[in-house]
Amino acid sequence: MAKIVGVLVIAALLVTGCGSAQREAATATAAEFLTAVKDSDLATACGLLAPDTRESVEGPCEGGFPELSGGSVGGVVVGTVEVWGDRAQAKSDAGVLFLVELDTGWRVSAAGCEPSVGDTYECTLAGP
Amino acid sequence: MKRYQRFLRDNGLSLTFGLLFLGALVGQALAGHADFNNRQLVDGGAQVSLWQFLTSSDFAVDVAENWQSEYLQFFLYIFATVWLVQRGSPESKPPDKVGPESDEDQLLGRHTTEQSPKWARAGGWRTAVFSRSLGLTMAGIFLLSWFAQSVAGLAAFNAEQLSQLSAPVDWLGYVTGADFWNRTLQNWQSEFLAIGSMAVLGVYLRQRGSPESKPVGAAHAVTEESG
């Protein structure tokens, strides 16, 4: 019986993605993105966007577009980043960021998000 | 008959169902993996390998939610049939035997034999525990797998929430929420229906040769334990 309990607890821990390595990586990407936007380093900021999010905005990303210009979604990470599976949420002083873990690493899928109806968010910059 | 042939014959039921279980679990892994990757495409997530899927909370919750309901079904069935009867059903005791029954019926106390299990002969707390060991084990596995469902379900639900730009929840919020209870109750309803069906259909229908059925020629009103 003790063995079964042990296996189930370990399995539970494994699948909840308690990896702090994941949290560190997601936090690093979020921080890098926020700093890049604040410093108007659009090349870096665009490189950190998820492909779907990049494609959903009009015009070439590096050329600047309203959502990224003006640094309105830039700033610093505030508090702990929450990681669940291949998704993460980071809070910043410029709204909430949503991240996704792709083959190329963590990327920003939505930025400048504020709580909206129910438990959903309304985002300045978001994918489709 | 050779030894291995006798082994196969004596353990055919458990071996067959063990193989069926493994086959279905492998099938579930493959279909679940394909389904998960389809959803990842839609949600803008990365494709995962089969191994990554097998160690994911999505696979774990899908396994755990089904296990917990099966063990709940067995626990309730084993325990309820001590006290509740269905006249005429092969799944039930005769109505005059309701309750834990006498020591004589249960081969306990003065009535143990040399072949009785050690803890049946031991008396005291050992016999008390052994007398309830089947129900307790089923209940224990049910509770553990239900807990596993809640933990894995929380992780899978929160990943889905984040992919939809919605707020994640904590464990308490999850186990009092719709996703957890929708998964739990849709499993429970089918388990309870299965027991109810077996109890009732067995009164009126037969399967020749099956211990789950009354003898074909047995009357509907007679509560027999097996055919």
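Tutor: Welcome! This is a predicted model, where local features need pLDDT of at least 70, side-chain atom pairs count only at pLDDT 80 or more, and totals for chains, interfaces and linings use all residues. Residues are numbered from 1 along each chain as its sequence is written, while chains are lettered from A and ligands numbered from 1 in the order in which they are written.

Student: Why is α7(B) called oblique to α9(B)?

Tutor: Helix α7 (residues 133-163) and helix α9 (residues 178-204) of chain B pack at an angle of about 130°, with their axes 10 Å apart. Angles under 35 degrees count as roughly parallel, over 145 as roughly antiparallel, 65 to 115 as roughly perpendicular and the rest as oblique. The angle of about 130° therefore makes α7(B) oblique to α9(B).

Student: Which residues make that contact?

Tutor: B:Ser150, B:Gly153 and B:Phe157 come from α7(B), and B:Asp179, B:Phe180 and B:Arg183 from α9(B). Two residues are in contact if their C-beta atoms, placed from the backbone, lie within 7 Å.

Student: Where does chain B touch chain A, and how many residues take part?

Tutor: The contact takes 21 residues from chain B and 33 from chain A. On the chain B side, α4 (57-83) and α7 are the elements that give two or more residues. The largest share, 10 residues, comes from α7(B). By class, this side of chain B has 12 nonpolar, nine polar and no charged residues.

Student: How do you know that chain B has domains?

Tutor: Domain bounds come from an automatic or database domain assignment, and chain B is divided into domain 1 (1-55) and domain 2 (57-227). Their centres, taken over C-alpha atoms, are separated by 23 Å. Seven residues of domain 1 are in contact with four residues of domain 2. On the domain 1 side, α2(B) gives the most, with four residues.

Student: What makes a residue of chain A count as buried, and what percentage do?

Tutor: A residue is buried if 20 or more other C-beta atoms, placed from the backbone, lie within 10 Å of its own. Of the 128 residues of chain A, 41% count as buried.

Note on methods
Axes are lines fitted to C-alpha atoms, for helices over the stretch in contact, and angles run from 0 to 180 degrees between N-to-C directions. Ala, Val, Leu, Ile, Met, Phe, Trp, Tyr, Cys and Pro count as nonpolar, Asp, Glu, Lys and Arg as charged, and the others, Gly among them, as polar. A residue is buried if 20 or more other C-beta atoms lie within 10 Å of its own, exposed if 12 or fewer, and partly exposed in between; C-beta atoms are placed from the backbone.
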